[in-house]
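Please read them with the coordinates open.

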Amino acid sequence: MPAWAVESDLNYLPDGQNYDASIPRPADVLGYPVGTWHVRHDQVVNYMRALADASDRVSLQVTGYTHEQRPLLLLTITAPNNQSKVEQMRTEHIERLSKGEAAQASDPLFIYMGYSVHGNEPSGTNASLLVAYHLAASQADDVKKLLNENVVLLDPSLNPDGLSRFAQWANMHKGYNVVADPAHREHREAWPSGRTNHYWFDLNRDWLLLTHPESKARIAQFHQWRPHILTDFHEMGTNSTFFFQPGIPSRKNPWTPDTNVTLTKALANFHAQALDKNKELYFTEESFDDFYYGKGSTYPDAHGSIGILFEQASSRGHAQESINGLLEFERTIQNQFTTSLSTFAGAMANKSAIAAYQRQFYKDTKQLIDDDELHGFVVSAAKDRARFSRMLSILEAHQIQFSALASDLSLDDKNYQAKSSVFIPLAQPQYRLIRSLFSERTRFVDNTFYDVSNWNIGLAFNVKYAGVEQSDRRKVKLSDKPFEAVPAEVEESLRQNVSDDAYAYVFEWHSANAPAMAQHLLENGVQIRVAGDGFSARVSGDSQSAQTFAPGSIMIATALEQPDNLQALLNTAQTEYGIKIASVTSGLTPAGIDLGSRQFAPVNTPNVLLVGGVGTNQYEIGEIWHYLDTRIGLPATLVDLSNLANTKLSRYSHIVFASGRYNKVSKKLTDALSQWVKDGGVLIGQKSAVSWFAKQDWIDNKVLSNDSIDDSFSTKGLKYKDRQDLASKKRIAGAAFLTSIDRSHPLFFGFETDTLPMFKTSNFVLKSTDDPFVEIANYVEKPLAAGYASDELESLVSETAAVVVKPVSSGAVVAFVDNIHFRGYWDGTNKLMANAIYMSPLF
């Protein structure tokens, strides 16, 4: 029997606990000891509910549901006499924080224990069963003291959908005799991996971006409780050992106080002692950092909490050989359980310092506000209210306060209209988070990043914004009324029915909701046409003047065969999607193209194929799928790359490739794709797929070689120890780059400015061909807007191609150098995919 095989849950647990026999152990509900099999999420739910039913120390709450409708659980664990007053304890804690008042010695710590945000890092969730049991059943004095004086919040599975996917994979490959060979199929998970959620997103990058229901529910609870400590239990490569924070000191976010690191180190001593006792290998202050505020271990740092990352070497199954010997699943669970308990011990030993830190954080934040030369930020919606509303919803979820303007504001020759702008003051508790959300920093103490170096929300949503200096604060007049995402007069107009006897109906393409409305109408049999140029038209109710419509506007002609209930469909659509539909009285326009012009192109219901599977990037495929499915309502077909050659391409109007390895794609398939494009198909690619497009001569641009990139960096005077720093300079971890776009091209219809921020996560450079009719977006001369990129890379990217649209016979090839759907957050470029689909008849 392997050294770490367990015959009972008790083998994981410390001695001398005198566990309450009336409390069910995990094995009593699972039917086997923890670690024998990989636990599924439904089993976690069953056990936690049984525990809450049996123990007066435990209450359970469902905080939300995943995409696959699995419940998100949060257990509140404290002494029985605290359970009835825990809401009062929480309320008093939040009130103290809001006023910056000192905590009393008797006030509780709130300790949030979060497990396995990556579903294929399951030792955390499996350990959470043992942690919950230990806290509910132990009669030891230290556990009673912990629960008498504090509150433990336990989130057993941060990613239920991914956990269940991986558990199924690992369990289905386990035999009576466990195979530890790394080549065994159990250790080589299928695509997509269980690391991700339903749409194949990394939820550990979504704490700030809030694209998914799991994150929204979790952030709501974070602000509900504002815990003193939040733990984040992960796994890493099999040949690693165990990591706990602090990470690399020079790479923490500059808005995070040094005291945060000091307290993290104090807790680290307890983890070290516990792992020393078990003779476990571990390391700290290496590899991982605390810069990006969108991770579980860093989001708390922006709020005066202490976020702690744990990384356990992964067995990626039930047992696997490693350079450190046989690594068994039970052992990985043991380490996560051990450091859960050491977190409690460290918190108790440092309670006064941890409690005092939140007050000090408040005072230091107030001082930063007083010393800041900026008063706040003004942000304008312009014409796309839907996109702006989504941005504001993110701010609201993070408890960031903003106000409507009472009057227009003029700054640096730019006007911010009161009806479409908000002001975000810096004088508020979320000061540090706001500063990071609007950061334009491009130079850093340490230029190596574990994740992205910028997440500027203004650039991400492509909205007009500006910092308001203290000297201009008197210019800011705030309304005492809440900001209306949709103004009252617009709401009223949306409630007004379209005319029953209109010649045609028209709506513009500015709104982020316009593609979804177009898709809805197409699916209901409405014939629509897209305008290749602008025009004006007389509309019902306004006989004196004509309304102007921009290129890309959608026209619905009653001269064409339309559904009998057309007007009812349009009335419902304009209220549901928030886009006014104008009733046009004549096909003869006062200016621009007439409604019967050949520049109005028919738009058919798209049939989109999304290429995924082994060899493609699951994150990027998931982002595209998520956008098409949840933002547009377009049912894209997912086909594995390995099955593409056997797929009838003629069925599809658009085929989308994300990053991937396409070097082994057969000539027969590339020839078929070439012919498909010539026959009228639209081929869309991003990032490394574009490199493959270039090799197939589907676009005329050439890719800058790795050798050329290397040659741009001098190695003179460098030593062996400098190799990692040089490698960091050659990569772009995640930064905003500005492009100049041609808004006369249909791909950019609906965009309002000639500059568009793109999010760059690689050093991929597509050389310019200087063909303005094909190369419709280029990086500006000095493209770096926010985040880190070396001078050498910025120079290489300067004025190169960002977006290419090449017509080919009856079809077209669309190439995006960057990821236009980055983490479902970069809404400013999201719509490019919709335009590549619905505007393509104009290409």
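How many aromatic pairs does a search of the whole structure find? The count is 41. The model is a predicted one, and the points below should be read with that in mind.

1. Aromatic pair across the chain. One of the pairs is formed by Phe-449 and Tyr-788, with 6.3 Å between the ring centres and 40° between the planes, a tilted arrangement. The pair links distant parts of the chain, 339 residues apart: Phe-449 sits in the loop between helix H13 (431-437) and helix H14 (457-460), and Tyr-788 in the loop between strand S30 (775-786) and helix H23 (791-797). Both residues are buried.

2. A second pair and a cluster. Phe-693 and Trp-698 are both buried. Phe-449 and Tyr-788 also belong to a cluster linked by ring pairs, together with Phe-291, Tyr-292, Tyr-293, Phe-444 and Trp-455.

3. Overall dimensions. The protein has 843 residues and a radius of gyration of 29 Å; a compact globule with that number of residues would be near 28 Å, so the value agrees with a compact globule. The C-alpha trace spans about 90 × 65 × 65 Å along the principal axes. The secondary structure comprises 24 helices and 32 strands.

4. Burial, contacts and surface. Of the 843 residues, 61% are buried. When contacts between residues at least 6 apart in sequence are considered, 79% join residues at least 24 apart. The accessible surface is about 33,100 Å², and carbon and sulfur atoms contribute 46% of that.

5. Charge. There are 78 positive and 96 negative side chains. The centres of the two sets are 2 Å apart.

6. Leu-263. This residue belongs to helix H9 (residues 258-277). Is Leu-263 buried or exposed? Its relative accessible area is 7%, under the 20% cut-off, so Leu-263 counts as buried. Setting aside residues up to four places away in sequence, Leu-263 touches Ile-306, Ala-353, Ile-354 and Tyr-357. The C-alpha atoms of Leu-263 and Asn-350 are 8.2 Å apart, although 87 residues separate the two in sequence.

7. Thr-755. Strand S29 (residues 755-760) contains Thr-755. Its relative accessible area of 35% makes Thr-755 partly exposed. Apart from neighbours within four places in sequence, Thr-755 is in contact with Asn-462, Leu-738 and Thr-739. Val-780 lies 25 residues away along the chain, with 8.7 Å between its C-alpha atom and that of Thr-755.

8. Cis peptide bonds. The bond from Trp-191 to Pro-192 is cis, with omega near -5°, and Pro-192 lies in the loop between helix H7 (160-172) and helix H8 (213-225). Gln-245 and Pro-246 are also joined by a cis bond, with omega about 20°; Pro-246 is placed in the loop between strand S6 (242-244) and H9.

9. Positive phi outside glycine. Asp-412 has a phi of about 50° and lies in the loop between strand S12 (409-411) and strand S13 (414-416). With 73% relative accessibility, Asp-412 counts as exposed. Asp-770 has phi near 60° and is found in the loop between S29 and S30. Asp-770 counts as exposed at 68% relative accessibility.

Terms used:
Residues numbered from 1 in each chain as written. Predicted model: local features only at pLDDT ≥ 70, side-chain atom pairs only at ≥ 80, totals over all residues. Heavy atoms only, no water. Helix = DSSP H or I, 4+ residues; strand = E, 2+ residues; numbered from the N terminus. Rg over C-alpha atoms; globule rule 2.2 N^0.38 Å. Buried < 20%, exposed > 50% of the residue type's maximum accessible area, 1.4 Å probe, protein only. Contact = heavy atoms within 4.5 Å. Areas by Shrake-Rupley, 256 points an atom, 1.4 Å probe, with all protein chains shown as cover. Lys, Arg positive; Asp, Glu negative; His and termini not counted. Charge placed at Lys NZ, Arg CZ, Asp CG, Glu CD. Phe/Tyr/Trp six-rings, centres within 6.5 Å; stacked < 30°, edge-to-face > 60°.
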